[in-house]
Amino acid sequence: MLGLYLHIPFCSHICNYCNFNRGLFDADVKRQYVDALIVEIARAGDGAPADTIFFGGGTPSLLEPDEIGRLIEACRAAFDVAADAEITLETNPETVTVERMRAFGDAGVNRISLGVQSLHDTELMRLGRQHGAARARVAVADIREAGVENLSLDLMLWLPQQTPADGRATVEGLIALGPEHASLYILELYPNAPLREEMARAQWSLAPDDDAADMYLWGLDRLDRAGYSQYEISNVARDGLLSRHNLKYWTDGEWLGFGPGAHSTRGGVRWRNVSATSEYTGAVQAGGQLIAERRILSKREGLEEALFTRLRLTEGIDLELVRSRYGVDVWREYGSELKRFVEAGLLIYDDRRLKLNRAGMLLANEIMTVFLGSDVR
Ligand code: SF4
């Protein structure tokens, strides 16, 4: 089944560490944009079955509930969207009220992914976030009061000036909020992030790498003890409520992305839309070309990507599945280079699976490079 991703590139404020495809909110631009998105979805529609819709951004919760409703309707009109489809709305705490959340639910949203990032006011201020910890807690209470039963919270660790004790307190705070799903990311600063300059000016530093690793490992261990199961490097869930949409990215699934910069993968072809919102909206209105880049994935690219993404999952790579889908014996192909990671206790190999343990997850990027540049044709 397809996953449908709808990009909403608007934020009420630009955070100093963010390099997503987004711009400042403007009500007129947004109205035109929603109309353009509906046209793109209708044009792509072929009635194929889909079982997830994901509103990502940006800040999708800046849209009005009736706009989200029109977009979901457009997806239902263009595709055969399952009655029990997972429909996720990424949300920032400052946009939450009980009424809005209820209205999003009435429009069809059944999963909220809330960007909390930290439960420490000073850390949030350093990140340039628009909410404090108290506002995030009120948002969670409002979301629950509105009847949302599937809630995911995002946290970031290794923040400027954050100590391991601060990181642990935020994880404890998250557990007390009782989400069904949580994502735990390590902050990655891109080269020109304004936060880098602010850190230099204010002389804020990052904790040593070892402390970052401790925060991550301690956080996952604590979430285990609180009844969550880790299923991906940065993601845990309770009661089997894994992100069905994101799993498509990690298991060679197929998805269509709508909006500027959105990627799609279907039928062995990958493409990406133009990045700028104005260019995108103009192209839709003029009936012009939206695709900036399109390529047929070679067998090698398909294999590399499958190995890369599946290794992110705690269940790891199913060796028989790769053999049947790509005709490749993973251990024969890569075993000589992977062996040192197995011997170092970072990677677990048995005849059926290859998977990272948590220590290996900390070095996942290094281990995954083994799969790059293989000569499988
Ligand atoms: S709210 Fe999210 S998408 Fe928007 S600027 Fe901040 S981090 Fe980026």
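Analyst: Helices (H or I, at least four residues) and strands (E, at least two) are DSSP runs, numbered from the N terminus. Keep that in mind as we look around this predicted model.

User: Thanks! Between which two elements does the loop with Gly58 lie?

Analyst: Gly58 is joined to Gly57 by a cis peptide bond, with omega at about 15 degrees. Gly58 also belongs to the residues surrounding the ligand. The loop that holds Gly58 runs between strand S4 (49-57) and H2.

User: How many nonpolar, polar and charged residues make up the shell around the ligand?

Analyst: Among the residues around the ligand are Cys11, Ile14, Phe20, Thr59 and Arg129. Sorted by class, the shell has 6 nonpolar, 4 polar and 1 charged residues.

User: Is Gln117 buried or exposed?

Analyst: Gln117 sits in strand S6. Its phi is positive, about 70 degrees, although Gln117 is not a glycine. Buried means under 20% relative accessible area. Gln117 has 8% relative accessibility, so it counts as buried.

User: Which elements do the buried residues of H3 pack against?

Analyst: Helix H3 covers residues 98-107, and its buried residues are Val98, Arg100, Met101, Phe104 and Ala107. Just after H3 comes Gly108, with a positive phi of about 125 degrees. The buried residues of H3 pack against helix H2, strand S5, strand S6 and helix H5.

Technical notes
Residues are numbered from 1 along each chain as its sequence is written. This is a predicted model: local features need pLDDT of at least 70, side-chain atom pairs count only at pLDDT 80 or more; totals for chains, interfaces and linings use all residues. Side-chain values use heavy atoms; hydrogens and water are left out. A residue is near a molecule or strand if one of its heavy atoms lies within 4 Å of it. Ala, Val, Leu, Ile, Met, Phe, Trp, Tyr, Cys and Pro count as nonpolar, Asp, Glu, Lys and Arg as charged, and the others, Gly among them, as polar. Buried means under 20% relative accessible area, exposed over 50%, partly exposed in between (1.4 Å probe, protein chains only). Contact means heavy atoms within 4.5 Å.
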